[in-house]
Structures are given as structure tokens and as C-alpha cells.
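Morning, everyone. Please have a look at the next slide.

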Amino acid sequence: MFVTPRGGRGTWWVLGGLTVVVAAVVGLSLGPAGPTWWRVPLVLLDRLPLLSIDSGVTDAQWNIVWQIRAPRVALAALVGAMLSLAGASYQGVFRNPLVDPYLLGVAAGAGLGATIAFAVNRDATATWPINPVPVAAFIGGVVAVALTYTVGTAFGRSRSATTLVLAGVAVTSLATAAQTFVLQRNNDVVRQVYSWILGRLSSATWGDVRLVLPYIAVSVGTLLLYRRVIDVLRVGDDEARALGVNVNQVRIIVVLAATLGTSAAVAVSGLIGFVGIIVPHAVRLLMGSSNRIVLPLSMFGGATFLIAADVPSRILTSPAETPIGVVTAFFGAPFFLFLLRMREARQ
Amino acid sequence: MNSLILRSVRVEYGGCAVVSGVDETLMAGDWLCLIGPNGAGKSSLLRALAGLVEFSGSVQLDGSEIRGLGARELARRVAFVPQEPVLPDDMSVTDYVMLGRNPYISTFGRESARDRDIVASLIAELSLAMYARRMLGTLSGGERQRVVIARALAQEAPVLLLDEPTSALDLGHQQHALELVDRLRRAKNLIVVSAMHDLTLAGLYSDRLLLLHQGVGVARGSAHEVLRSETLAEFYGVSARVIHEQDGTVVVVPQRSHGDL
């Protein structure tokens with residue numbers, strides 16, 4: 001029925017990791033400027049210790065690969081892995097296949113934060129040593145989720161998953177309304193904000209990678225550690241509790257970890273839609289719904305998908321950039337429909 | 001020797017008592033069956049024993065209050081099968097039974113060889129070996145019930161709580177399921193507490209019946225003592241004939257009212 005994970009779940013980790021490596025090499029090799037594509041794998045091998053290969057890549061070309069493409073690939077891998085793993089985790093703990101990593105208001109909060117940063121980021125902040133947009137987006141996202149969480153759990157005994165989700169909906173509306181208000185008063189930044197909302201990896205630097213890495217590492221580590229317990233939740237809250245799971249505690253830890261990582265990802269890449277829902281579902285369609293396998297494979301799948309989606313995003317309308325959110329939806333939606341159709345046919 | 005002692009157990013929902021003043025003493029190997037009309041408090045009492053709802057009064061398992069036990073500790077001592085268990089369609093039988101080992105696996109750990117052995121032997125014991133790798137969604141009602149019981153047994157708990165274990169089964173499978181529980185409780189010396197609607201089956205398999213009405217125990221004892229026409233008429237509002245067979249079986253047959261009811 002499904003590709004069975006028997007015969008060692010470890011195999012899937014290795015395969016997943018390899019897929020990401022292959023995607024990364026492809027991502028490093030293709031782009032509008034730089035060396036001929038087939039020289040890039042050679043120069044990468046050349047850079048490995050103990051290996052010496054004449055790749056014919058000049059230092060200037062290597063700089064393009066290492067300073068421009070590599071941070072993009074690294075950031076795409078981190079953000080893709082994070083959004084997709086967070087999506088799979090949210091869907092697991094809420095037992096709802098439609099929830100996404102932006103559920104608790106991260107997206108709207110970060111959007112508001114970024115909008116405010118753009119609105120005040122005129123001449124005053126131009127000389128600042130760090131770009132205030134990611135910082136403002138991160139703060140906005142975390143504040144929105146803290147608000148959602150405080151409101152959603154304030155109702156004493158009825159502290160249920162539904163209450164939390166409804167609070168997320170309310171906070172999202174509130175933040176979106178505030179964002180619209182700020183935008184209306186600052187027409188000139190509409191274009192910037194809009195392009196931020198569609199997501200971008202174009203300005204990625206190693207600094208961005210270093211900025212988000214700690215948050216994403218903590219979040220990914222926590223979520224992966226909880227994957228077995230998240231799987232127990234598949235039988236429902238009551239039965240999971242009767243099986244010895246502290247359901248509320250697990251749900252809170254998982255939601256907070258996923259949200260922290262998502263906020264960091266959103267802060268540097270904007271709102272890249274689609275990855276958090278489509279990738280986990282594609283994994284489920286192929287591999288079945290065990291969270292013990294869906295979580296790690298969603299992480300690898302998300303990294304691969306976003307690295308791959310970033311390639312057309314820099315080539316299609318070169319020298320301009322196609323927003324990556326457009327690419328993920330444009331290629332992801334038909335692919336997902338294809339998977340869905342395949343499964344229907346198989347049954 | 002395991003014992004389960006209930007004293008003045010009371011469960012309230014929103015200030016309204018749905019179970020009150022229940023006292024019972026159960027020893028290893030005992031099977032107590034809770035009977036009573038819908039809404040009598042059977043499920044609520046079972047859920048209280050499983051630690052899923054708050055209760056007042058005392059429930060002692062081998063002398064220690066279950067209220068003080070953590071979720072994992074309680075799950076090692078009490079296994080609960082709800083009326084309508086959730087069986088994810090694309091979870092394999094083995095993975096599902098393995099869920100019963102959760103109280104023994106550390107949060108971030110994975111199942112040990114011992115956990116796998118226990119699951120495999122339970123699957124064999126319950127004649128599920130040929131289904132071990134099948135997905136739950138492909139099983140019939142009777143098979144599903146056996147899988148759920150296997151999961152509960154994987155908890156290796158001395159107390160087994162069953163809420164309407166046979167409600168979704170045909171007559172043959174009802175008998176199979178109850179025979180299975182009966183055999184297992186004798187073999188493993190389990191304390192079984194079940195809620196059941198079929199009074200004849202309840203009397204046939206359990207040692208003792210507790211008739212609940214509006215949350216209060218109104219009759220307790222053997223099938224002979226509890227299953228009486230006048231008792232059933234009073235608490236179920238039913239007109240039923242109670243037949244005492246020679247072999248001791250008590251059969252409850254509803255009587256047709258011919259439109260006089």
C-alpha cells in the first residue's frame with residue numbers, strides 16, 4: 001500500500017540527507033552568472049580536503065558560487081526544512097491536516113513587524129549596521145504568538161487545541177488590520193512590503209544564515225525528539241493520555257518550538273507559503289502517516305523543495321528575480337495534484 | 001495480590017454529579033460489570049478510573065491513590081479501552097499495538113527489543129499474526145476489537161477497563177471478544193471493569209454486576225441478584241422477562257408491549 005519503512009528507518013535518513021546534498025549541488029551549479037554549470041561540482045570536490053582537481057574556475061567565479069549562491073542554498077535548505085517540519089508537527093499535534101506553520105499568527109505578526117520597519121526605514125535607519133526588517137519581523141512574529149498563547153490559554157479549564165487555534169485566527173485578523181492601516185498611511189512602501197510577503201532568498205548572506213541557525217537548530221532538534229510522542233497523539237487526546245502521554249505539555253512544547261523556528265525563518269525569508277502544507281502531505285501520500293517517518297522526511301523534503309524552487313526563481317526572469325513564493329505555488333500545486341491523483345488511481 | 005478499592009467516588013461535570021458514592025473492592029482476577037441505562041454514569045466512572053476525568057473520593061490501586069500517580073505510572077497500571085477507539089487507517093497493526101508500550105518507552109527514546117518481543121507475542125496470542133503488517137483500515141470489526149485489546153494488554157497493567165467492548169460487534173464476535181477477555185483475565189490475573197449494555201452477556205461473563213442509575217449504585221451482586229424484572233422495570237423503564245436457566249445463566253428478554261406501552 002505505502003512504501004513501507006521497514007528494513008530500517010535509518011535508510012530513509014540517509015536517503016533524505018543525500019537528496020538534500022544533490023539538490024544543494026544543483027542549486028550551487030545553476031545561476032545567471034558564474035562558471036559553466038558542470039565546473040561547479042568539480043570545484044566543490046577540489047575544495048574538499050585531500051582532493052585536488054583542476055576545475056578551471058577562477059577566483060571571481062568561485063566568489064559568485066560561495067558568496068552569492070551558497071548562502072542562498074543554505075538559507076533555502078534551512079527555511080524549507082524548518083517550514084516543512086513545523087507544518088508536519090503542527091498537523092500532528094492538532095491532528096488537523098490543514099494547519100500550517102503560520103497558524104498561531106506568526107505570519108501576520110511578522111508581516112506587521114516588517115511593514116512597520118519598512119514604513120520607518122527611510123533615511124533614519126539607512127545607516128544602521130543591521131537591517132531592521134528581519135529583527136522587526138522576528139519580534140512581530142514572537143509577540144503575535146505570545147499574544148495568541150496568552151489569550152488562548154487564559155480561559156482556564158477549556159484550554160483546548162481549538163481555543164488556541166481560534167485565538168490564532170483572532171490575532172491574525174488584528175495584526176493584518178494593523179498592517180493594512182500602516183500601509184494605507186505609507187503608500188510608498190507597498191511594493192517593498194508586497195515583495196517581502198511573497199518571500200525572497202535573493203538577498204541572502206552568510207550573516208542571515210548565522211542569524212537563524214541557532215533558532216532553527218533548537219526548533220528542529222526539539223521537534224525531531226518528540227516525533228514518537230507526536231505519533232502516539234494520532235489516537236486522540238484521551239487515548240494518548242490513557243497511554244501515559246502528558247498531552248497538553250507535549251502540545252505546548254511542540255507548538256512553541258515550531259513557532260520559534262518559523263518566526264526565525266520568516267524573519268529572513270519573508271512569507272514563503274505552501275511549503276509547510278504541501279511537503280508534509282506529499283510525504284504522507286508516499287510514505288503513510290506515521291509521524292516518526294513523516295517528520296524527518298518532511299524536513300529533508302522541505303529543504304530539497306525550497307533549494308530546487310529557488311533555481312527557477314533566479315533564472316526565469318533573469319536578471320530580475322521571480323518571488324520564490326510564486327515558484328513554490330506554481331510548481332508545487334500541480335505536483336501535489338499529481339500525487340493526489342496517483343493515490344486515487346492506486347486505491 | 002493486586003487490589004482496586006473505590007471509596008465514595010464522585011464525578012462532577014459542571015457542578016452536576018454524574019457519579020456519586022460508588023464503593024467497590026476488587027481483587028486480582030475479578031471482573032466487575034457496570035450496567036445501567038444510557039447516562040447512568042458507567043463511562044464517567046471508567047474514565048475516572050483511567051485518570052481522564054477529575055473525581056473526588058478515593059481510588060486505591062495496591063494501596064496507593066491513583067490521583068497521585070503520573071500519567072506514565074498510571075498507564076502502567078491501568079489500561080483503558082474507550083467505547084470508540086481511534087484507529088488511524090494507515091497505521092499498521094504492529095505499530096498500533098506498540099502504542100501500548102508507550103508508558104515504558106522514555107519520551108525521546110525508542111522501543112527496546114523487549115517491547116518488540118512483548119508486542120509480537122501478544123499479536124501471536126490474539127491470533128493476529130497474519131495481520132501484523134496490515135493497515136488498521138483494512139481490518140474487520142472483530143479484528144479491530146482484538147487489535148485494541150492487544151494494545152491494552154501491551155500496557156501490562158493489572159487493571160483493564162473496557163467501555164462497551166462489544167457494542168460494534170455481531171453476536172459471534174461479541175462472544176469471541178468476551179471469551180478472550182475472560183481467558184486473559186484468568187491467565188494474567190487481571191482486574192477487569194467493563195461497561196456493558198447487553199445484560200445477558202454482562203451476567204454471563206462477569207463475576208459481579210453494579211447497576212448504576214443517575215450515577216448511584218442501586219444494585220450490586222451476582223446476575224441472579226441484580227437482574228430481576230422489577231429492578232429492570234424500575235431503572236431501565238423496560239418490561240423484560242428474566243429467565244434463569246438450569247446452568248445458572250440468567251437471560252434477559254425484552255417483552256413486546258403490543259402497543260400498550
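I'll cover a sheet, one serine and the contact between the chains.

First, some ground rules. This is a predicted model, where local features need pLDDT of at least 70, side-chain atom pairs count only at pLDDT 80 or more, and totals for chains, interfaces and linings use all residues. Residues are numbered from 1 along each chain as its sequence is written, while chains are lettered from A and ligands numbered from 1 in the order in which they are written.

Start with the sheet in chain B. It is open, has four strands in the order E2-E1-E4-E5, and pairs antiparallel. Strands are DSSP runs of E, at least two residues; helices are runs of H or I, at least four; both are numbered from the N terminus. Two strands pair if DSSP finds at least two bridges between them. The edges are E2 (16–27) and E5 (64–65) of chain B, each pairing on one side only. E1(B), residues 3–13, joins E2(B) over eight antiparallel bridges. Tyr13(B) sits opposite Cys16(B) in E2(B).

Next, Ser92(B). It lies in the loop between strand E6 (78–81) and helix H3 (93–99) of chain B. Is Ser92(B) buried or exposed? Ser92(B) counts as buried because it has 22 C-beta neighbours inside 10 Å; the cut-off is 20 or more other C-beta atoms within 10 Å, with C-beta atoms placed from the backbone. Beyond neighbours within four places in sequence, Ser92(B) contacts Arg133(B), Arg134(B) and Met135(B). Contact means C-beta atoms, placed from the backbone, within 7 Å.

Last, the chains. Their contact takes 20 residues from chain A and 21 residues from chain B. On the chain A side, H10(A) gives the most, with four residues.

How values were computed
Contact = placed C-beta atoms within 7 Å. Buried ≥ 20, exposed ≤ 12 C-beta atoms within 10 Å, placed from the backbone.
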